[in-house]
Structure formats: structure tokens, C-alpha cells
Amino acid sequence: MSAYRGRTAVAAAALSLAVPLAACGTAGESADSGGTASGKGGFTVGLLFSQIVQTRWEKFDKPLIEKKLKELCEDCTLEYANAEGDVATQQQQVDTLINKDIEVLILSAVNFRSLRSSVERAHDAGIPVVAYDGLVEGPISAYVSFDNERVGQLQGEALLKALGDKADGGRIVMMNGPQTSPTNVAFKRGALSVLEGEVEIGKTYDVQGWRQESAHANMVRAIAALGADAIDGVYAANDGLAAGVISALKAAGIEPLPPVTGQDADLAAVQRIIRGEQYMSVYKPFKGEADAAAEMAVALGRGEQLDDIAETTVDTPSTKDIPAVLLDPIPVTVDTIEDTVVEDGVYTIDQICIPRIESACEEAGLSR
């Protein structure tokens, strides 16, 4: 089993490019000698993220990739940008990085299909592309993400458990992410593989841009259509959607709140779980994903094979047998917060248990 399997310890703007990671060379070494443990020279890695709606991208993924890249290649530098959900912006960013002569591109694409031409331009320029956290069409060289269908299965399983007796024929609402990438499609497919035939799905929504306000508006419509007393649970594909769902449920005066799922283990979501407003989230250890992406980028930049890094392969409609690292997601409930996000150093108890939820923390057994 790969070192990336399972849990790992976890320790701006769109055009803000050129983030150096380290000075060229170290004491007693010239820039020509490379200054790395392998004696190989440095190069530039491009990093493009798709959005800032989820806090994980710039709070965790970016600094973790920077740190691992520095460890692997002291002379390597990073060129970073975030498209903030806009396809045209990300296409321009790819062109900018190609013109800056990067050696490798790590890409979290805004849209699976719309970035294909950009990936093809990078490939034509001799720049391998590592798809990060979601696939993208075109000749990509590597892929790192989580087992995304398993994410949906974990959410579905948790929701059925939370429903208890109502799991047999109860009525739920599904609040999915945008179905514009295989990743988001896999979340939904995994959830449906568990939920279909067990519960009635009263309403289903695919929320464009993962917008919390859209999830809130959709949930308001679902409550009006189905009735405030006729919703037994809500499948929300991530924590932002869960926040919108929960705000709508509370505004409608629904009490107690039905169980609501989530994903990403955002700090606010962890606090909602402690308060009993959100039933669960899915924790994806970001360090394993970031480390794998950096290792792939360095290997590709040095012209090395990925056999020692990638444990499997995946296909897209345009590319077959893409070397891939797929990590295990972990469900988080009130009973497992301390053993997951706290133990892995994502959050401290002090960060989670702010004064207004201190009593709930004590009830949950979370002590400083």
C-alpha cells in the first residue's frame, strides 16, 4: 500500500504570480550544482487553483505544496494563481505560465472540459500537467486526488445511520455540487449508490459554483415544495452547501434539525457538528495530496518516471492510463473530531472551541 494511503499528519489573488520557495543554492554549493539532495538543478513549477470558495485551497493546499516542493528541490520556484471560479481567467493564467517557461503545471481546473485546449497548449510546449483534486480533459501526465466515489458513499452511509428508523423510506433532499467535473459526478454517484432504494429523494439540486447562497435558496424551495415536517435528512455534498442548507432550515423554524452531511472538514463545519447542527463531514488529509502532487511535479520536471509514486492509473475520454494517486477520505462526526482533524494538527481545540460553543465542546468531551 502506498505511503499516501490513509491518514497523514497535516501540519493571492488570481494574478499574484511568482512566489519563490528558496534561494538558489546553499552554502558551499553553486547554482549550477543544483543545491538539492540529488544534485539536480531547480526549475519552475506552475500551480493554478480553481476557486477560493472553499478555505482549504489557500489555507492548506498551497502552503503544503510549497513546503514539499522546497524539501524536494531547494532551487525550484513556484508560480501561483487562483482563477476564482472563472474559466476564461484560468485559461489566461495557463497561457501566462507557458510564456514564463515553467517546467511543470499543477492544475486544479475550474471546468473539466473547458480547460482541455489549455492542457493541450501546455503539452505542445513540452510542459507536463498534474491534475490536482479533479481530472481535466486533455493530455495530462498525472493525477492526484481522493477516492471521490468513496467520499459520496461515506456521506450516504452516515446519513442513513443518522436517519435511524427513518432510513427505511424516509425523505431526503440532495444538494450536489456542479456536475461539471468527474470529481463532482463521482461524489453524487457514490452517494446515490448508497441512498437509492433506501430513502425517497424528494428534491435534487446541482449547485453551480458550490455557492452557499444558492444552496440556501434551493433549500427554501425544497421546504416550500415538500413541507417543513416532511424532510428527514439532507445530503449536502460539501460544507459550504451544508451551511446554506442549515441556514434555510433554521430560518424555517425546523427543530430539531434533520441530519445534514458535508465535506472538507472546514472549521465552521466542525463547530456546527459540535453544536449538533451538522451531522458529519468528510476529512480529506490535505498533506498527502499536496505531497503527492509535489513529488509528481519534481519527478516530471526531472524527466523521471512516476512508478514509485503512482499506485494506479485512471482514464479520461481523451487520455488513458494516467498515473494516479488516490487517497482515502475519512468521515468526521462529533465522536471522531479529536482523533482526526485535531490529532492531525489541522485545528487545535482552542481554534475549535471558541467561547460561544464552549459548553457544547465540554459536552462532546473536547477539552483543552
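Is Lys-284 buried or exposed? Keep that in mind while we look at the charged pairs. One caution before we start: this is a predicted model.

Let's begin with the pairing idea. Side chains of opposite charge can pair when their charged atoms come close. A search of the whole structure turns up 18 salt bridges.

Lys-284 is buried, because its relative accessible area is 2% and the cut-off for buried is under 20%. Its partner is Asp-264, and the closest N and O atoms of this salt bridge are 3.7 Å apart.

Next pair. Glu-277 and Lys-250 meet through their side chains in a salt bridge, at 3.0 Å from N to O. This one links distant parts of the chain, 27 residues apart. Glu-277 belongs to the loop between α8 (267–275) and β9 (281–283). Lys-250 belongs to helix α7, residues 239–251. Now the accessibility. Glu-277 is at 13%, so it is buried. Lys-250 is at 46%, so it counts as partly exposed.

Third pair. Asp-95 forms a salt bridge with Arg-121, and the closest N and O atoms are 2.8 Å apart. Again, distant parts of the chain are linked: Asp-95 is in helix α2 (residues 87–99), Arg-121 is in helix α3 (residues 116–124), and 26 residues separate them. How accessible is Asp-95? Its relative accessibility is 29%, so Asp-95 is partly exposed. Arg-121 has 32%, so Arg-121 is partly exposed as well.

Now the network. Which residues does it link? Salt bridges connect Arg-56, Asp-61, Asp-133 and Glu-289.

Last stop, helix α9. How many of its 16 residues are buried? The count is 13, so α9 is largely enclosed by the rest of the structure. Let's check its length. At 1.5 Å a residue, the 16 residues should span 22 Å. The end C-alpha atoms of α9 are 22 Å apart, so the two values agree. And just after α9, Gly-303 takes a positive phi of about 75°.

Technical notes
Residues numbered from 1 in each chain as written. Predicted model: local features only at pLDDT ≥ 70, side-chain atom pairs only at ≥ 80, totals over all residues. Heavy atoms only, no water. Salt bridge = Lys/Arg side-chain N within 4 Å of Asp/Glu carboxyl O. Helix = DSSP H or I, 4+ residues; strand = E, 2+ residues; numbered from the N terminus. Buried < 20%, exposed > 50% of the residue type's maximum accessible area, 1.4 Å probe, protein only. Expected span 1.5 Å × (residues − 1).
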